[in-house]
Each structure stands twice: as C-alpha cells, then as structure tokens.
Amino acid sequence: MSLESERPLSLDELRQRNMRQTTPPPEWRLTEEEWGNLLDWIIDLHQLVKEQNSLLAQLKPPAQPPQLKPLAQDVSAIRELLQQAGRKKERHFSLPHISLPRPNWAWLMVPAVLVGLAVLWYSSVTILRALGM
C-alpha cells in the first residue's frame, strides 16, 4: 500500500496542483417572492425608524437636579484657575538678535585680487628660477 503523497511528482503535476482554481463566484438572483419579502422588510424597517424618531422628538431632556448647576460652575472655575496657573510661571527666553553683514560685490573682489597676486608671485618666482636668477 503506497500513498500518493510518497510518490515523486513531476514538475507539471506540481504546477497543476498548486495553481489556483479560479471559479467564478455564484450569481445571486432573487425570485419574485424573495424580492417581495425584501421589499416588505424594508417597508417595516422604515416604519420602525419613523416611530423611533417620533418617540425621540416627544421625549424631553431630563431636568438637571439643582445640585448639578453649582457643581458645573465650580468645575469651570477650577478649569480657568488651572489655565491661569500654567500661564503665570511661563518665562520667555530669547537669544539676542545678531545681524550678520550682507556681502556686496566689492567684498567679493578682495579674494579675487589676492588670488591674482598669488598667481603673479608664483609665476614670477618660477620664471626667475627657470632663467637661473
């Protein structure tokens, strides 16, 4: 008795086993009776929602007990005090404003002139050495 899993499979057989089986999803088609039932359910649901909305409109918000009003005022007063307490201890620190000079074209000429003088010096020294002086 040999099992099929013990048998060596060829590459094609393995590919066929591992390929996804693509089957189209089943189509949903409702009969006329199912359509009628669905329509009845939707109408019933609509009526229930209308009744709930009318009941909610009739309900009044519950009256607040007289103790809650002063308590709410105390809470708002404490909240304001906490906000102010945080503001009192704030300290602002800023570094002094340092403005750097803005370079203009005349300042850019200074390095160019210095480089030119260095080139003249080096070239004149090289020429004089070549001449043997």
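## Secondary structure

The secondary structure of this predicted model comes to 4 helices and 0 strands, and from the N terminus on the elements run α-α-α-α. Helices here are DSSP runs of H or I with at least four residues, and strands are runs of E with at least two, numbered from the N terminus. Residues are numbered from 1 along each chain as its sequence is written, and side-chain values use heavy atoms, with hydrogens and water left out.

## Confidence

The mean pLDDT, which is the predictor's confidence in each residue from 0 to 100, is 81 for the protein, and 88% of its residues reach 70 or more. Confidence is lowest in helix α3 (residues 68-88), at a mean of 76, and highest in helix α2 (residues 32-58), at 92. Local features need pLDDT of at least 70, and side-chain atom pairs count only at 80 or more, whereas totals for chains, interfaces and linings use all residues.

## Helix α4

The end C-alpha atoms of α4 are 39 Å apart, which agrees with the 39 Å that its 27 residues should span at 1.5 Å a residue, the expected span being 1.5 Å times one less than the number of residues. Just after α4, glycine 132 takes a positive phi of about 90°.

## Burial and exposure

Of the 133 residues of the protein, 0% count as buried, a word that means under 20% relative accessible area, with exposed over 50% and partly exposed in between (1.4 Å probe, protein chains only). Leucine 120, which lies in helix α4 (residues 105-131), counts as exposed because its relative accessibility is 56%.
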